[in-house]
Amino acid sequence: MPASIVDHIKKRALAFFRDCRGSHDWSHTERVYNLCLRIGEQEHADLEVLRMAALLHDIGREQQDRSRGEICHAQVGARLAREILEQAGVAPDKIERVIHCIETHRFRGNLEPATTEAKVLFDADKLDSIGAVGIGRAFLFAGEVGAKLHNGGIDVRKTRRYSKEDTAYREFVVKLQEVKDRMLTEAGRSIAEERHRFMVAFFDRLHEEVEGRV
Ligand SMILES: [Fe+2]
Ligand SMILES: [Fe+2]
């Protein structure tokens, strides 16, 4: 596939991120793209499909955020991506393979990734929510919804999303600590385990500092 098609898709995808928030901005797509190439090579995936899927996977994000979670960005993103890929002249069988990756990449979604490329995108996307980058993104998101710095002393599972209690620690408890067990590829799992250890150490330390113990 000519590089110009990937460049064209990148330009079209970028346009969806003009007004987006820092926790889900274009730099997330760039990190996922890089991880897709790294994991995709190790898993012998079709890197052409992966490049397109990574660039387009979150173009529905802004619509989901504006609807405060009512719209699913994987579904709306897949529809938008199909139009872009058809207009770019991508072969129909490739389009279907890219669309499957986008439709199934969501952690909270109910469609399962069935191809190597979809599994790689799923893992790359989740890896960007853990480790040092994941912690940074969780605090950015908490700031965006007006949440407090920390709420370690309460049962965060009983608190609500998009509220003052929607802290980075809440995100860690309800989602991020589970990520390493959801990996679908061998390469993804080994990166996740390393990032998980770092994240656990960070939140242990945060509790200690908040309580004045260190
Ligand atoms: Fe996504
Ligand atoms: Fe994503």
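This is a predicted model: local features need pLDDT of at least 70, side-chain atom pairs count only at pLDDT 80 or more; totals for chains, interfaces and linings use all residues.
This is a short walk through one chain, from its overall build down to a few single residues.

I will start with the fold. The secondary structure comes to 10 helices and zero strands. Read from the N terminus, the order of elements is therefore plain: α-α-α-α-α-α-α-α-α-α.

Next, the overall dimensions. The C-alpha trace spans about 60 × 35 × 30 Å along its principal axes. For 214 residues, a compact globule would have a radius of gyration near 17 Å, and the 18 Å of this chain agrees with that. Of the 214 residues, 50% count as buried. If you take contacts between residues at least 6 apart in sequence, 61% of them join residues at least 24 apart.

Now the surface and the charges. The chain exposes about 10600 Å², and carbon and sulfur atoms supply 47% of that area. There are 35 positive and 36 negative charges, and their mean positions are 4 Å apart.

On to the aromatic residues. How many aromatic pairs does a search of the whole structure find? The search gives seven. One of them is Phe 139 with Phe 202: the ring centres are 6.2 Å apart and the planes stand at 80°, and since over 60 degrees counts as edge-to-face, that is what this pair is. The pair links distant parts of the chain, with Phe 139 in helix H8, residues 131-144, and Phe 202 in helix H10, residues 186-210.

Tyr 169 takes us to a glycine. Gly 152 lies in the loop between H8 and helix H9, residues 168-174. Leaving aside neighbours within four places in sequence, Gly 152 is in contact with Tyr 169 and His 207. Gly 152 is partly exposed, with a relative accessibility of 31%. For a sense of distance, its C-alpha atom is separated by 49 Å from that of Glu 86, 66 residues away along the chain.

Is Ala 118 buried or exposed? Ala 118 is buried, at 0% relative accessibility. This alanine sits in helix H7, residues 116-127. Not counting residues up to four places away in sequence, Ala 118 touches His 100, Cys 101, Thr 104 and Pro 113. Ile 71 is 47 residues from Ala 118 along the chain, and their C-alpha atoms are separated by 21 Å.

Last, two backbone angles. Most residues other than glycine have a negative phi. His 44 has a positive one, near 55°. Tyr 162, also not a glycine, has a positive phi of about 55°. Where are the two found? His 44 is in the loop between helix H2, residues 26-42, and helix H3, residues 47-56. Tyr 162 is in the loop between H8 and H9. As for accessibility, His 44 is exposed at 71%, whereas Tyr 162 has a relative accessible area of 18% and is buried, because the cut-off for buried is under 20%.

That is the tour; questions are welcome.

Notes:
Residues are numbered from 1 along each chain as its sequence is written. Chains are lettered from A and ligands numbered from 1 in the order in which they are written. Side-chain values use heavy atoms; hydrogens and water are left out. Helices (H or I, at least four residues) and strands (E, at least two) are DSSP runs, numbered from the N terminus. The radius of gyration is taken over C-alpha atoms; the globule rule is 2.2 Å times the number of residues to the power 0.38. Buried means under 20% relative accessible area, exposed over 50%, partly exposed in between (1.4 Å probe, protein chains only). Contact means heavy atoms within 4.5 Å. Accessible areas come from the Shrake-Rupley method with a 1.4 Å probe; for residues, only the protein chains shown count as cover. Lys and Arg count as positive and Asp and Glu as negative; His and the chain ends are not counted. The place of a charge is taken as NZ of Lys, CZ of Arg, CG of Asp or CD of Glu. Rings of Phe, Tyr and Trp (its six-membered ring) pair if their centres lie within 6.5 Å; planes under 30 degrees apart count as stacked, over 60 as edge-to-face and the rest as tilted.
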